[in-house]
Amino acid sequence: MANNKDDMNMDHDMDNMDHSKMNMDHDMGNMDHSKMNMDHDMGNMDHSKMNMDHDMTSMDHSKMQMDHGDMDMSGMDMGGDMMMHGGQMMHMGNLKQKFWVSVVLAIPVLLLAPIMGLDVAVLNFHAPLIEGIAILLFDTALYFYGGSPFLKGAWAEVKSKAPAMMTLITLGISVSYFYSIYAFIANNLMHTATHVMDFSFELATLILIMLLGHWLEMNAVMGAGDAVEKMAALLPKTAHLVTENGETKDVQVSDLQVGQSFQVRSGESIPADGTITNGQSTVNEALVTGESAAVNKNVGDKVIGGATNNNGTLTVEITGTGESGYLSQVMKMVQEAQQSKSKAEDRADLVAKYLFYAALSVGIIAFFAWLPQGLSTGLTRMVTVFVIACPHALGVAIPLVVARSTSIGAQNGLLVRNRQAIEASQHVSHVLLDKTGTLTEGKFTVNALVPAADTDEQSLLSKLAALESNSTHPLAQAIIAAAEEKGIKVQAANNSQNIPGVGISGEIDGQNYTIVNGNYLTKNGISFDNATADQWAAKGNSVSFLLQGQQVLGMVAEGDTIKSGAKELIVGLKQRGITPVMLTGDNQKAAEHVAGLLGLDEFHAGLLPNDKQKIVSEYQAKGNHVIMVGDGVNDAPSLAEANIGVAIGAGTDVAIDSADVILVKSEPSDILHFLDLAKITNRKMVQNLWWGAGYNIIAIPLAAGILAFAGIILDPAVGAAVMAMSTIIVALNAMGLTAEKIRN
């Protein structure tokens, strides 16, 4: 792999997946559609290594306390008390509470303490000893209460032998606090001849600015969760519970339990996951699973909470409870993305590490260099260096930008699962696109039925529909719909079995039949009407054949439609100097037809599922950086292999597992939005690194007195003010990242 995704703790070993119950249907017309043929019961996939239950049948949204924006996220640490710093997950405490309590504690200090090195305070009661004691008491409360997140963080960094942000922050506030104690003793008890500067004002402002910065960062982190929280509105507030006597009564969704039944009427949202026990309907699952076509539902079929019942009345028995549902998984994914470390953050921590050692070294050198002029002078120079080096601006420079970026992405249908995808986007040269479901709608219609000489069209369609009757694949649904239009009563085939990369087989009236693609016939030397098949394939159709033994009984041609945003995507990629490449299981002529419509210069046709991963590897071996875009089922290996994996359709479990970025709206043109978002995000990160650390390059030597011979010495107050200003600039620069700027 060209990029290291070990940190994602994802098990991409597809061999460990039990596919026996996945209902993976046939590959029609040499198209790899098996990736789209998974029913919603994903329970047989072993995702234990990810601690995520992807059994869609057990998604009981009712227990997730998702009452239209009043979601219980207590188990997800979205409350804002955990942050990543210096490679350590820090418990920050309630930052909002700490900030406001610290504001109250800081007010007396800011009013009574000398302002920024001047022997002037806002209030002066002409009682220096009493005022000094009061200031010292509030200093102590501020240091140990408001500074506790940084003290704990520094201790964790020191224990791990990796001093970084928190250590440097702790150095700044600790020096300010203890030097203020020294100043109090020197000025009020020892009565030194020279007034010793008090850093109480700086201590208060440092802690307030640092807490505010981290609070802003955490709010930005939580902002990405706001978008997925809105998805909770898909669930109704109440459900029509079916009582023991068969009547219905309205209850809160949170009160539903496994084993109970509810009724959902035409046009209503389904309140929880379950199995249909009575009624039939079509269900719109687009907002939940990304499946755009309405899905036929009958007794015994499973339904997902949040989907919409189009017509008819259904009675559903609840099958699961807990927070293992789809919406909960997405929120966990957002949280993981916010907490994951990116290379830019690693660089920021590395800068902080060297800044810590530099400040410590320069400060000590300055102390001894100025010591001949007096202890107070030496201490003042050293303390000034330490205070100026306080890296709060650097500490939030990258997290604020990435958190803001992730939040904007989530609000606009882009879920960034792996932060490194943002940085990796700078080097992308090729975007590999799966055809069906990505560039095309995946909504098929039967355009032609060509029976063999000894069969008829009705018999051909009847047998095709019988074999396809248990499949939810778009190709299968098109055949079933065509049969229903002709009034054919479909009887499901017995012993149906999926043949990966080939098709599907089953028994009808005691006879074995198989639906296969053209490649299968060619490889097995079975003759068929090549000219007719090529004629329909050239028009962009997927052509499949009904086989009994070695005899072809006929063929079916099914067509797909180009997605509205597909052409825009291809044009946009070319404008950005990125080469789009289509990957498809279609035959060469069908692939050429679609490529011509979209203006694609490169494509690969006739691919089996594992071929896509090989092609990704081949492009990477040539030094290319690759984005792979797919629907996330059979595309999972290639999504994992690519530098950036982008999944179309947020409801596909394997997409969530395998991809770095998820396009919630299933719009291919959103890939352009991701690239633009990543470009501006990277630019903001570089800017903030310079704002956060660049001033230290000049300020630290000046604070140490390197230009004292020229009469230039950086005053501690000025140093503190510059530090505070850099923090404000970093925060404002990060907040300047807006969706409007990206769209423009």
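Colleague: Which residue in strand 4 is the bridge partner of H240?
Modeller: D250 is the bridge partner of H240. Strand 3 (residues 238-242) and strand 4 run antiparallel and are joined by 5 bridges. This is a predicted model: local features need pLDDT of at least 70, side-chain atom pairs count only at pLDDT 80 or more, and totals for chains, interfaces and linings use all residues. Residues are numbered from 1 along each chain as its sequence is written, and side-chain values use heavy atoms, leaving out hydrogens and water.

Colleague: What counts as a strand or a helix here?
Modeller: Both are DSSP runs, numbered from the N terminus: helices are H or I with at least four residues, strands are E with at least two.

Colleague: Which bridges tie strand 11 to strand 5?
Modeller: Strand 5 (residues 261-264) and strand 11 (residues 314-318) pair in the antiparallel sense over 4 bridges. F262 has V316 as its partner, and V264 has L314. Strand 6 (residues 274-278) also pairs with strand 11, antiparallel, over 4 bridges. There, I276 stands opposite V316.

Colleague: How many residues of strand 11 are buried?
Modeller: Of its 5 residues, 4 are buried, and the strand is mostly covered.

Colleague: Why is S505 called buried?
Modeller: Compare its value with the cut-offs. Buried means under 20% relative accessible area, exposed over 50%, partly exposed in between (1.4 Å probe, protein chains only). S505 has 16%, so it is buried. Its place is in strand 16 (residues 503-508).

Colleague: What does S505 touch?
Modeller: Contact means heavy atoms within 4.5 Å. Leaving out residues up to four places away in sequence, S505 touches L467, N495, S496, Q497, I499, Y513 and T514.

Colleague: Is E602 buried, partly exposed or exposed, and why?
Modeller: Its relative accessible area is 30%, so E602 is partly exposed. It is found in strand 21 (residues 602-604). T579 is among the residues that E602 touches. The two are 23 residues apart in sequence and 8.2 Å apart in space, C-alpha to C-alpha.

Colleague: How many bridges join strand 18 to strand 19?
Modeller: There are 8, and strand 18 (residues 541-548) and strand 19 (residues 551-559) run antiparallel. N541 has G559 as its bridge partner.

Colleague: Why are helix 3 and helix 4 called oblique?
Modeller: Helix 3 (residues 148-159) and helix 4 (residues 165-189) pack at about 130°, with axes 7 Å apart. Axes are lines fitted to C-alpha atoms, for helices over the stretch in contact, and angles run from 0 to 180 degrees between N-to-C directions. Angles under 35 degrees count as roughly parallel, over 145 as roughly antiparallel, 65 to 115 as roughly perpendicular and the rest as oblique. The pair is therefore oblique.

Colleague: Which residues of helix 3 meet helix 4?
Modeller: In helix 3 they are P149, F150, L151, G153, A154, E157 and V158. By class, the whole contact has 9 nonpolar, 4 polar and 1 charged residues. Ala, Val, Leu, Ile, Met, Phe, Trp, Tyr, Cys and Pro count as nonpolar, Asp, Glu, Lys and Arg as charged, and the others, Gly among them, as polar.

Colleague: At what angle do helix 16 and helix 21 pack?
Modeller: Helix 16 (residues 566-575) and helix 21 (residues 670-704) pack at about 30°, with axes 8 Å apart. E568, L569, G572 and L573 meet I671, L672 and L675.

Definitions and conventions: Two strands pair if DSSP finds at least two bridges between them.
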